[in-house]
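Subject: Structure for you to look at

Hello,

Here is the structure I promised to pass on. My notes follow below it.

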Amino acid sequence: MGVEFVDLFDQWASSYDDTVAGKDPEYREVFEGYDSMLEELAQLSVSPVMEFGVGTANLTKKIIDQHKVVFGIEPSSEMRKIAKMKSPEAAIYAGDFLKFPKLQTPIRSIVSSFAFHHLNQEEKSAAIQMFHEQLEPQGKIIFIDTLFENEAHKKQLIQQAEADGFLNLAQDLQEEYYPYLEPLKETFAAHGFEVSCKQLNKYAWLIQATKGE
Ligand SMILES: C[S@@+](CC[C@H](N)C(=O)[O-])C[C@H]1O[C@@H](n2cnc3c(N)ncnc32)[C@H](O)[C@@H]1O
């Protein structure tokens with residue numbers, strides 16, 4: 001449950017940083033502004049931070065550079081190898097959004113970039129409930145991820161990707177669990193979070209959810 005895409009990330013790990021740097025035309029627009037998006041997320045994070053789907057530790061490094069404490073969780077062993085090489089000082093554990101080591105430290109923010117869409121709707125809801133339990137009062141979830149405004153917007157993005165010849169991207173947009181904006185906000189609200197969303201590029205949005213008292 002929840003880790004069906006991990007083999008793909010084991011295979012992608014060695015070229016992942018080239019992709020986010022814009023070297024793969026197919027995914028250039030998905031990661032457009034990657035560095036400044038991650039910088040914004042790192043600035044918003046409140047220490048101690050828990051990060052899910054660390055990948056190659058690009059966000060983790062930015063959080064550490066800001067002298068914040070971060071505990072990273074990553075299911076792909078190949079991604080973890082690269083993350084530990086790039087950021088030896090980082091605490092990175094095997095795990096995923098739904099199954100992770102229990103931390104004794106109180107957590108004030110939970111962050112993730114380009115990973116939450118790997119959970120289906122039911123799993124997203126279960127994860128948000130667990131995060132509610134893990135976070136301190138007024139704690140924050142801050143995610144960056146691709147989402148669709150609505151069904152028409154999803155169709156339009158898929159058609160554009162197909163017209164551009166980006167068939168892998170078109171397939172991802174259909175097969176992975178990218179949420180619709182309003183239902184995603186409703187899911188956070190149903191678990192006691194106040195949520196706001198802001199579009200960052202053609203695909204990526206910043207999602208900020210604050211736990212009530
Ligand atoms: C597109 S990469 C993003 C990596 C990094 N956060 C970044 O912004 O570059 C997605 C990451 O999520 C991880 N992932 C996949 N399924 C996951 C799950 N169920 N829970 C947590 N992480 C997951 C993948 O292994 C991969 O490292």
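Apart from neighbours within four places in sequence, Met37 is in contact (heavy atoms within 4.5 Å) with Val30, Phe31, Glu32, Phe114, Ile144, Leu200, Asn201 and Ala204. This is a predicted model, in which local features need pLDDT of at least 70 and side-chain atom pairs count only at pLDDT 80 or more, while totals for chains, interfaces and linings use all residues. Residues are numbered from 1 along each chain as its sequence is written, and side-chain values use heavy atoms, with hydrogens and water left out.

Met37 sits in helix H2; helices (H or I, at least four residues) and strands (E, at least two) are DSSP runs, numbered from the N terminus. Met37 is buried, at a relative accessible area of 4%. Buried means under 20% relative accessible area, exposed over 50%, and partly exposed in between (1.4 Å probe, protein chains only).

The protein chain has eight helices and seven strands. Of its 213 residues, 51% count as buried. A compact globule with 213 residues would have a radius of gyration near 17 Å, and the 16 Å of the protein chain agrees with that. That radius is taken over C-alpha atoms, and the globule rule is 2.2 Å times the number of residues to the power 0.38. Along the principal axes, the C-alpha atoms fill a box of roughly 50 × 40 × 30 Å. Among contacts with a separation of 6 or more, 66% are between residues 24 or more positions apart.

The largest nonpolar core has 40 residues, and Phe31, Phe114 and Leu173 have the most contacts inside it. Such a core is a set of buried Ala, Val, Leu, Ile, Met, Phe, Trp, Tyr and Cys residues joined through side-chain atoms within 4.5 Å. Elements that each supply at least two residues of this core include helix H1 (6–20), helix H2 (34–44), strand S5 (135–146) and strand S7 (204–211). H2 gives the largest share, five residues. Another core, of 27 residues, lies apart from it and has Ala115, Phe131, Leu135 and Leu147 among its members.

As for Leu173, its contacts beyond four places in sequence are Phe148, Lys154, Leu157, Ile158, Ala161, Tyr178 and Tyr203.

Phe114 is in the loop between strand S4 (107–113) and helix H5 (121–134). Phe114 counts as buried, at 9% relative accessibility, and has a positive phi, near 55 degrees. His67 also has a positive phi, of about 60 degrees, although it is not a glycine. His67 lies in the loop between H3 and strand S2 (70–74) and is exposed, with a relative accessible area of 74%. Between Ser47 and Pro48 the peptide bond is cis, with omega about -5 degrees. Pro48 belongs to the loop between H2 and strand S1 (49–52). Most residues other than glycine have a negative phi, and most peptide bonds are trans.

Last, Phe5 is in the segment before H1 and is buried, with a relative accessible area of 12%. Leaving out residues up to four places away in sequence, Phe5 touches His118, Glu175, Glu176 and Tyr177. Phe5 and Leu119 are 114 residues apart in sequence, and their C-alpha atoms are 9.5 Å apart.

Regards
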